Amino acid sequence: MNALTSSILLLSATYIQSFTPAASSNIVGNPQQRTSTTSTTALDATTVGLYFGTVGGNTKTVANHIKAAADADATVTFCEIEDLSSVDAFTQHDALIIGAPTWNTGAEKQRTLTGWDQWLYDVLPGLASEMKGKKVAFFGVGDQGDYPFNYCDSVGELHSEFERVGCDVKYGRTSTEGYYHVSSKAQVDEEEPVFYGLCCDENQQPDQSEDRCIKWIAQLKSEEFFA
């Protein structure tokens with residue numbers, strides 16, 4: 001773990017302790033400098049909710065690609081997890097698209113350094129009755145060049161915790177073909193190795209993210225995720 005990541009961990013420890021679902025904060029640009037922003041879209045809640053955490057802004061970039069691709073088939077509520085105003089607004093969706101970056105590399109949990117780190121363990125477990133059977137798909141952003149042994153690990157954590165409360169998490173698995181990471185907790189070896197969701201790399205392969213998102217939404221449609 002490099003010096004920048006160590007600095008981020010120290011700053012984020014204070015942030016995570018003060019997080020509540022109604023908080024409104026986000027890290028953009030330089031991840032060591034926090035500025036307050038508002039999500040670009042605050043649509044009335046519909047059947048599909050796209051919720052994500054972001055640190056440097058890359059996850060938000062990918063989230064925008066996903067929303068743009070999904071809007072052709074469904075109106076999507078678009079919200080950073082720190083801007084979530086109420087638990088009811090989250091649980092009323094029939095389907096959820098959940099995304100996060102991986103910053104706390106090598107950790108067994110709280111890998112994102114976003115509001116998800118507290119939300120997954122302090123809020124989500126109490127929602128088991130509301131979340132049971134709900135469709136959930138996952139996406140993540142990582143860096144295969146600097147962190148090849150922990151690429152998009154947060155996707156694996158998101159998958160595990162939403163599965164734990166009874167969500168239907170079979171949707172949106174993608175091939176590892178075209179990636180050059182060494183290992184990832186987002187990866188499961190079936191007949192062929194696949195990711196638990198969509199993984200994008202805005203550092204090493206930014207030119208592929210939009211196309212990957214378009215193909216992923218088409219896949220989710222074919223899997224009747226939006227039905």
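## Helix 7 and its packing

The buried residues of helix 7 pack against helix 2 (58-70), strand 5 (95-101), strand 6 (135-141), strand 7 (174-175) and strand 10 (198-200). Buried means under 20% relative accessible area with a 1.4 Å probe and protein chains only, and contact means heavy atoms within 4.5 Å. Helices (H or I, at least four residues) and strands (E, at least two) are DSSP runs, numbered from the N terminus.

The buried positions in helix 7 are Ser-209, Arg-212, Cys-213, Trp-216, Ile-217 and Leu-220. An α-helix has 3.6 residues a turn, so residues three or four places apart point the same way. Glu-224, which follows helix 7, has a positive phi near 65°.

## Basis of the model

This is a predicted model, in which local features need pLDDT of at least 70 and side-chain atom pairs count only at pLDDT 80 or more, while totals for chains, interfaces and linings use all residues. Residues are numbered from 1 along each chain as its sequence is written, and side-chain values use heavy atoms, leaving out hydrogens and water.

Five parallel strands form an open sheet, ordered 4-3-5-6-10; strands pair if DSSP finds at least two bridges between them. Strand 4 (76-80) and strand 10 each have a single partner strand, so one side of each lacks a neighbour in the sheet.

Strand 3 (residues 48-52) is joined to strand 4 by five bridges, and Tyr-51 stands opposite Cys-79 in strand 4.

Methods
Buried < 20%, exposed > 50% of the residue type's maximum accessible area, 1.4 Å probe, protein only.
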